[in-house]
Amino acid sequence: MASLIVIGGPFGTDLETVVQVAHGDAIVLDARTADRIKKESPSPKDFQPEQQPESCRSNGQALDIVESRAGILCRLISLANGSTKLRLAVVQYLADILNAQFNIQLTSSATDNIPLQQIADAVAGNACQDSNSTASPETLELQQVTPPGLSQLERTVLQSGQWVTLGVAAVTIPHARQLLLGATAVAALSAEALQTQVKAALEDQYAGKAANDTVAALTALLKDSPRVNPRKGAPLEAFSSVPQCHGAAEEAVATASATVKGLLTLPAQAAQAQSSHGSLTWLLLGMASKLLFTAGLSMQRMAAYADTLPHCKVFTEAAAAQHASFSESPALVLQQARATVEDVMSQMTSAPQEPSLAAAKAAATALSAARRAVAAEALMACLALGLAETTSQASGKAAKVSKENAPNQAKGKPSKKGKDGPSFGLGKGTPLIRSLIHSTAPQWALDPDSSEAKGHDSTDGASSDTLTQVVQLARQLQSSGEEEAGQASVPETLGEAAGAVGRRTVMQLQQALKAVQQSLDPLGRQLGPVLADIRSLIESNQANRKPKAAKGTRDLSPEQMAIREVAFNKITAVFKRHGAVCIDTPVFELRETLMGKYGEDTKLIYDLADQGGEILSLRYDLTVPFARFVAQHAISNMKRYHIAKVYRRDQPQMTKGRFREFYQCDLDIAGSYPSMVPDSEILKVTMALATLNVSMTLSRLVFVTTLNIDRCKQLCQWCRLDTWFCAWCCVYHNRGHC
């Protein structure tokens with residue numbers, strides 16, 4: 001017997017627990033929580049039932065059983081977390097109907113008002129039972145589970161909050177996380193099927209951790225793959241955008257997950273106050289938008305199969321899907337999901353109450369559309385790879401026959417492609433997702449008893465029967481509907497256009513897509529082990545990966561550091577000899593301090609991730625921090641030098657000495673001094689530095705004075721400086737550094 005899930009315990013409730021209970025697991029109320037609720041509840045003799053129990057009947061679309069159970073559970077969790085002055089019988093009844101599988105029919109609406117009222121009706125004894133419920137009111141009576149009734153105050157408490165929204169979001173978010181990893185694996189499979197260039201996308205550095213994690217996953221999946229980075233291949237934009245797109249979706253899901261989990265740990269009043277400002281609604285809509293973007297990238301990659309599988313347009317084009325009466329086409333489903341999300345976003349500005357439940361349902365709809373698009377892409381990738389593998393095998397056999405028919409020919413060097421011709425292989429991780437899709441091939445046949453449905457899958461690759469089924473469907477997408485003539489049981493085509501997709505092909509595509517989508521169900525038995533193997537592969541690849549420095553940075557050996565130390569000491573001695581003092585400022589500043597100080601170069605400033613506090617950025621140079629230092633400490637006169645690292649987010653050129661992290665050397669004179677004195681002193685310091693036997697570029701020295709071009713020329717003449725030095729000063733001044 002499975003152990004009961006404790007609700008209201010000291011460790012709180014995570015989203016995975018909500019998913020388990022929503023799918024039928026039993027629960028028990030924590031004993032200490034039950035005692036606390038009993039002590040805080042009013043005396044039984046003070047209970048006054050409401051005079052005329054209200055009953056809410058709505059003709060709207062009903063939530064599914066999983067969402068309804070999740071909403072009831074979240075309402076129960078909120079009551080167990082804090083003091084609500086409800087009787088223990090009310091809280092216990094919600095737990096009892098969940099354990100008895102008595103599913104209340106909750107209606108989907110823009111807000112939580114209607115479904116929360118329906119939960120209150122159930123406690124009052126006026127429940128509207130779901131038609132798919134496995135328990136009846138008579139069953140509840142046999143189990144001695146009777147509605148405790150409600151007072152007017154208790155009904156008010158039960159009908160407040162956004163708990164059904166939290167329930168729907170709680171069962172959507174874990175599924176979205178599972179899907180995104182599966183979508184990354186399918187994108188890698190598509191890269192192999194399309195033989196695209198992936199090197200640039202996998203070697204670039206991205207701003208967010210989630211994007212770099214996606215790169216790590218793609219790298220592990222495609223490791224040692226002979227089908228990517230061909231000599232004549234070109235990058236595919238729909239693949240190059242995967243790290244940023246999937247990374248953004250991961251971040252949106254993680255943010256929504258943290259928010260929902262945090263609200264489930266708070267008492268009812270505090271959670272209601274925090275979720276009533278629209279933040280949860282916008283987070284869910286943001287997650288929905290990112291999932292739709294992920295689905296859109298899948299559609300773009302599928303469109304690239306048009307050369308190999310011309311009739312894949314029924315998956316990628318809404319017009320073609322409508323023409324073929326393919327109502328389950330990913331293009332149509334994605335179109336409807338986008339309309340749903342846009343409608344909820346418009347309600348945010350026009351509706352009197354924020355449509356939180358509508359936003360949660362929009363996120364669930366977007367997840368469903370993304371799953372269908374990913375399933376369709378996985379199917380297309382496997383079909384294209386099946387054709388490629390068949391071609392490779394045929395080429396190998398032809399090469400073998402040719403060799404046998406020419407025994408007297410001179411023996412040449414063995415082919416690098418294998419004994420029997422070109423070899424067919426994939427990366428380290430993509431065979432895992434391909435085997436999962438191939439395992440559904442026996443379900444693709446329209447007639448379950450036909451010979452097409454009797455193939456067997458193989459975890460080591462495609463068996464001959466499975467590969468035959470895959471290739472048969474792929475060739476149907478290559479051919480026109482006219483080639484299906486002679487099948488009297490179904491019409492030849494669905495449209496009048498020549499070469500339209502045949503009816504039988506559409507029906508088989510529907511069957512295959514349904515089977516593949518079921519295999520990608522996060523709660524199914526098939527996807528979980530595959531994703532676990534993929535995670536293990538990613539971790540193993542990261543452990544074995546050769547470490548490297550970040551782009552635009554470098555390591556210095558002890559010998560190089562010794563040279564740098566000598567150079568810095570000589571430069572520092574010159575500064576000190578002219579009376580300069582050293583200060584130090586933080587490596588990061590408030591973003592508002594740095595913004596607008598560098599013109600167009602402002603875009604090169606490194607912004608730090610918001611940690612819930614001040615908005616910060618890495619320093620771009622040493623001058624602005626010094627200006628902030630002078631203003632903050634009310635310094636009148638100061639001559640200071642500073643040698644420290646600065647950071648610029650531009651394109652590095654390592655061979656030319658241009659880095660993203662480098663040392664900058666500043667000598668600044670701030671305050672009021674006699675005319676020309678700071679100018680002449682700056683030139684004197686520069687002359688002294690120029691005579692040092694130090695390999696250092698003058699452009700790394702930044703001097704801030706009132707020096708202008710005319711004074712520069714005069715001083716250079718008076719000091720008898722070389723012409724090149726005068727020219728350097730003028731150029732450096734024109735660049736805004738002087």
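Helices (H or I, at least four residues) and strands (E, at least two) are DSSP runs, numbered from the N terminus. The structure is a predicted model, in which local features need pLDDT of at least 70 and side-chain atom pairs count only at pLDDT 80 or more, whereas totals for chains, interfaces and linings use all residues. Residues are numbered from 1 along each chain as its sequence is written, and side-chain values use heavy atoms, with hydrogens and water left out.

**Overall composition**

The protein chain contains 28 helices and eight strands. Of its 738 residues, 48% are buried; buried means under 20% relative accessible area, exposed over 50%, and partly exposed in between (1.4 Å probe, protein chains only). Contact means heavy atoms within 4.5 Å. Among the contacts in the chain with a separation of 6 or more, 78% are between residues 24 or more positions apart.

**Packing of H1 against H3**

Two packed helices are described by the angle between their axes and the distance between the axes. For helix H1 (residues 15-22) and helix H3 (residues 65-81), the axes come within 8 Å and cross at roughly 125 degrees. H1 is therefore oblique to H3. Axes are lines fitted to C-alpha atoms, for helices over the stretch in contact, and angles run from 0 to 180 degrees between N-to-C directions. Angles under 35 degrees count as roughly parallel, over 145 as roughly antiparallel, 65 to 115 as roughly perpendicular and the rest as oblique.

H1 contributes Val-18, Val-21 and Ala-22 to the contact, and H3 contributes Val-66, Arg-69, Ala-70, Leu-73, Cys-74 and Ile-77. By class, this contact has eight nonpolar residues, no polar residues and one charged residue. Here Ala, Val, Leu, Ile, Met, Phe, Trp, Tyr, Cys and Pro count as nonpolar, Asp, Glu, Lys and Arg as charged, and the others, Gly among them, as polar.

Phe-575 belongs to helix H23 (residues 558-577) and counts as buried, at 1% relative accessibility. Beyond its neighbours within four places in sequence, Phe-575 is in contact with Ala-580, Tyr-641, Cys-665, Asp-666, Leu-667, Val-685 and Leu-689.

Four aromatic pairs are found in the whole structure. Rings of Phe, Tyr and Trp (its six-membered ring) pair if their centres lie within 6.5 Å; planes under 30 degrees apart count as stacked, over 60 as edge-to-face and the rest as tilted. Two of the pairs are tabulated below.

| Pair | Centre distance | Plane angle | Class |
|---|---|---|---|
| Phe-568 and Tyr-663 | 5.2 Å | 70 degrees | edge-to-face |
| Tyr-598 and Tyr-620 | 4.4 Å | 45 degrees | tilted |

Phe-568 lies in H23 and Tyr-663 in strand E7 (residues 661-670), so this pair ties together parts that are 95 residues apart in sequence. Tyr-663 is partly exposed, at 28% relative accessibility. Tyr-598 lies in the loop between helix H24 (591-594) and strand E5 (616-618), and Tyr-620 in the loop between E5 and helix H25 (623-632), so the pair ties together parts that are 22 residues apart in sequence. Both Tyr-598 and Tyr-620 are buried.

**Backbone with positive phi**

Gln-195 is not a glycine, yet has a positive phi of about 50 degrees. Gln-195 occupies the loop between helix H8 (163-194) and helix H9 (199-203) and is partly exposed, at 38% relative accessibility. Asn-229, also not a glycine, has a positive phi of about 55 degrees. Its place is in the loop between helix H10 (209-221) and helix H11 (237-240), and Asn-229 is partly exposed at 33% relative accessibility.
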